[in-house]
Amino acid sequence: MDLNKNIHLFVSLACLCILSFSISHVVCSPFAGKPVLDPVLLKICGATENPTLCANSVLPLLHGPVDLVNVLKSEIDATIKEASIILKQITKMNNTATSKEVKSALESCQQMYRDAIDNLKETKTFAEARNAVDVINKLSGVASCYSTCDDSFADFQLQSPLNTQNFNWFIQILLSLGNLLK
Ligand SMILES: *[C@@H]1O[C@H](CO)[C@@H](O)[C@H](O)[C@H]1NC(C)=O
């Protein structure tokens, strides 16, 4: 009985070690699964506030040569995806929300993230034209959108229940990349 328990514990621990090894391996390497670390991507993302998130989000969406415009365009796509995820959260929360205040705040946030997606699509066109000024102007508009969404909850002394951390990081990264265009 005790021996069985010990064997079981040993097997569990061994599995746990293998599991944590593979997890840490994936988490620790932002370029997991890619055979070569691209020095240009490292350099571009290294100039942003969150190089790891930048590289991790750009890499799966990157098409064509690794250059500033393509990295910027891929990060815009990642941000649009993130905004769509937040819009899904909003719909889900609205379906279960009972408070009128929460529903009203969610309504404003929905409008803001929809606008953000439209503005990000326009930003992509400006990025293709290497128009740094308009890229930064558009992004600054999008940046003000998420604080307005938080404010619409704060107006009712509520904290936003939306998980917008990645979106906020993406905007910071995009602003850094936009500044590199200058
Ligand atoms: C929330 O649901 C109501 C219906 O209960 C709907 O009128 C409103 O547009 C919805 N708002 C959002 C943000 O989905």
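I began by reading the elements off from the N terminus, and they run α-α-α-α-α-α-α. That gives seven helices and zero strands in the protein. A reminder to myself: this is a predicted model.

Next I looked at burial across the chain. Of the 182 residues in the protein, 28% are buried. I also checked how far apart in sequence the contacting residues sit. Among contacts with a separation of 6 or more, 66% join residues 24 or more positions apart.

Then I turned to helix α2, residues 39–46. Which of its residues are buried? I found L41, I44 and C45. These three lie on the same side of α2, because they cover an arc of only 90° around the axis. On the other side of α2, I noted P39 and G46 as exposed. What do the buried residues of α2 pack against? I traced them to α3 (51–58) and α4 (68–96).

My last stop was the ligand. Around the ligand I listed I90, T91, N94, K103, L106, E107 and Q110. Two elements, α4 and α5 (100–128), each give two or more residues to this shell. Which element gives the largest share? I have α5 down for that, with four residues.

Key
Residues are numbered from 1 along each chain as its sequence is written. This is a predicted model: local features need pLDDT of at least 70, side-chain atom pairs count only at pLDDT 80 or more; totals for chains, interfaces and linings use all residues. A residue is buried if 20 or more other C-beta atoms lie within 10 Å of its own, exposed if 12 or fewer, and partly exposed in between; C-beta atoms are placed from the backbone. The arc is that of the directions from the helix axis to the C-beta atoms. Two residues are in contact if their C-beta atoms, placed from the backbone, lie within 7 Å. A residue is near a molecule or strand if its C-beta atom, placed from the backbone, lies within 6 Å of it.
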